[in-house]
Amino acid sequence: MGEKTPDHLPDRRMKQDCSGYHERISETSASAEAGRMLRSQEPMKKESTVSVEQGDITALDCECIVNAANKSLLGGGGVDGAIHRAAGPELLKECRTLGGCETGKAKITRGYHLPAEWVIHTVGPIYSGKEKDAELLADCYRNSLELAKGYSIHRIAFPAISTGVYGYPLKEAAAVALSAVRNWLDDNRDYFMEVIFCCFNQQAYDIYQSGIAESRTRKGV
Ligand code: ADP
C-alpha cells in the first residue's frame, strides 16, 4: 500500500461527471428532500447512481476502477493486462505482496500511472453453467463495493467481469452485476456511491443499458 491512508484522502467524488444513463437509487423525491433540508438545516444527501459508459476502463478518470483479475493477481490478458500495462510495473510489484485472491473476493492497490487513484482486483468465476457461478460473480461486485466503502471511495467503475476469457454469457453476467450492485446500494443507502459499468464494446453497452431500463420499468420509475 502507498504512503497515504484513507483518512488523508481528498474528496474526489466530483472529479468527472458521468455521461450516459443514470439510475437514481434513492426513492426519496427531490422536493421532499429539499423540504426536509430546509426544516433541519442539514446538508442534502446525494443519491447514489448507476450508469453505463462505453470505452477502455484504463482511460477512465474515475476514483477507482475494478480489475477482472485472476487468482494470482500477477496480471494476465484482457482487461487485466490492459490495466497492468497502463498502471506500470509498480502495480505488479504491489500485487506481488498481496498473496493472490480467491474467486469472488477483492483486494485493493494504488493505480500508479492510471488516471484512477485505486484499483480493486477481483476474481470472477470461470463460467461452468452451475448456480454457483452467479453467486460468485455477485460476490465480486459486493466485495468490491464493500472494500471501496472501507477506503471512502465514492466513484467506482466495473468492467464486465468474467465475460471475456472466463466465458460468462454477457446478458446473464449483466443481470447478475446489475442486481448485485442495486442490492448493495439498497443496503447502503447512507453511503453515496457512483457506480459505472464500463463496457468495452457496443454489444455490452446495449445489454447493460437495456438491463437498467428493464429494472426501471419494474420499479415504475
Ligand atoms: P475475464 O477473465 O474475467 O473474463 P477478460 O479481461 O477476459 O476477463 O474480460 C472481461 C471483460 O472485460 C470482457 O467483456 C472484455 O470485453 C472487457 N475488456 C477487455 N479489455 C477492456 C478494457 N480495456 N476496458 C474495459 N473492458 C475491457
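Q: Is Ala59 buried, exposed or partly exposed?
A: The model is predicted. Burial is judged by counting the other C-beta atoms within 10 Å, where 20 or more make a residue buried and 12 or fewer make it exposed. Ala59 has 14 such atoms, so it is partly exposed. Ala59 belongs to the loop between strand 2 (49-54) and strand 3.

Q: Which residue lies 55 positions from Ala59 along the chain, with its C-alpha atom 7.4 Å away?
A: That residue is Leu114: its C-alpha atom and that of Ala59 are separated by 7.4 Å.

Q: Where is Pro159, and how many C-beta neighbours does it have inside 10 Å?
A: Pro159 sits in the loop between strand 6 and helix 5. Its count is 27, and Pro159 is therefore buried. Apart from neighbours within four places in sequence, Pro159 is in contact with Ile57, Val66, Ala68, Val79 and Cys198. The C-alpha atoms of Pro159 and Asn67 are 7.1 Å apart, although 92 residues separate the two along the chain.

Q: What share of contacts in the protein chain joins residues 24 or more positions apart?
A: Among contacts with a separation of 6 or more, the share is 72%. Buried residues make up 39% of the 221 residues in the protein chain.

Q: How many helices and strands does the protein chain have?
A: There are 6 helices and 7 strands. Along the sequence, their pattern is β-α-β-β-α-α-β-β-α-β-α-β-α.

Q: Why is strand 5 described as largely enclosed?
A: The reasoning rests on the burial of its residues. In strand 5 (residues 118-123), 6 of the 6 residues are buried, so the rest of the structure largely encloses this strand. Each face may then be examined in turn. Trp118, Ile120 and Thr122 are buried on one side, and Val119, His121 and Val123 are buried on the other.

Q: In which sense, parallel or antiparallel, does strand 5 pair with strand 3, and in which sense with strand 4?
A: Strand 3 (residues 64-69) pairs with strand 5 in the parallel sense, over 6 bridges. In this pairing Ala68 stands opposite Thr122. Strand 4 (residues 106-110) pairs with strand 5 in the antiparallel sense, over 5 bridges, and Thr109 stands opposite Val119.

Q: What span does helix 4 have from its first C-alpha to its last?
A: Helix 4 has 20 residues and reaches 29 Å, close to the 28 Å expected at 1.5 Å a residue.

Q: Which residues of helix 4 are buried, and what covers them?
A: An α-helix has 3.6 residues a turn, so residues three or four places apart point the same way. In helix 4 the buried residues include Asp133, Leu136, Leu137, Cys140, Tyr141, Ser144, Leu145 and Ala148. Asp139, Asn143 and Leu147 are buried as well. The cover over the buried residues of helix 4 includes strand 3, strand 4, strand 5, strand 6 and helix 5.

Q: Which residues have the most contacts inside the largest nonpolar core?
A: In soluble globular proteins, nonpolar side chains tend to be buried together. Here the largest nonpolar core has 58 residues, and Ile156 and Ala177 have the most contacts inside it. Helix 5 supplies the largest share of this core, 9 residues. Beyond its neighbours within four places in sequence, Ile156 is in contact with Cys62, Glu63, Cys64, Val66, Leu145, Ala148, Met193 and Val195.

Q: How many residues surround the ligand, and which are the closest?
A: The ligand is surrounded by 20 residues, the closest being Ala68, Gly78, Gly164, Tyr166 and Phe200. By class, the shell has 12 nonpolar, 6 polar and 2 charged residues. Helix 2 (residues 78-87) contributes the largest share of the shell, 4 residues.

Methods: Residues numbered from 1 in each chain as written. Predicted model: local features only at pLDDT ≥ 70, side-chain atom pairs only at ≥ 80, totals over all residues. Near = placed C-beta within 6 Å. Helix = DSSP H or I, 4+ residues; strand = E, 2+ residues; numbered from the N terminus. Nonpolar A, V, L, I, M, F, W, Y, C, P; charged D, E, K, R; others polar. Core = buried A, V, L, I, M, F, W, Y, C linked by C-beta atoms within 7 Å. Contact = placed C-beta atoms within 7 Å. Pairing = 2+ DSSP bridges. Expected span 1.5 Å × (residues − 1).
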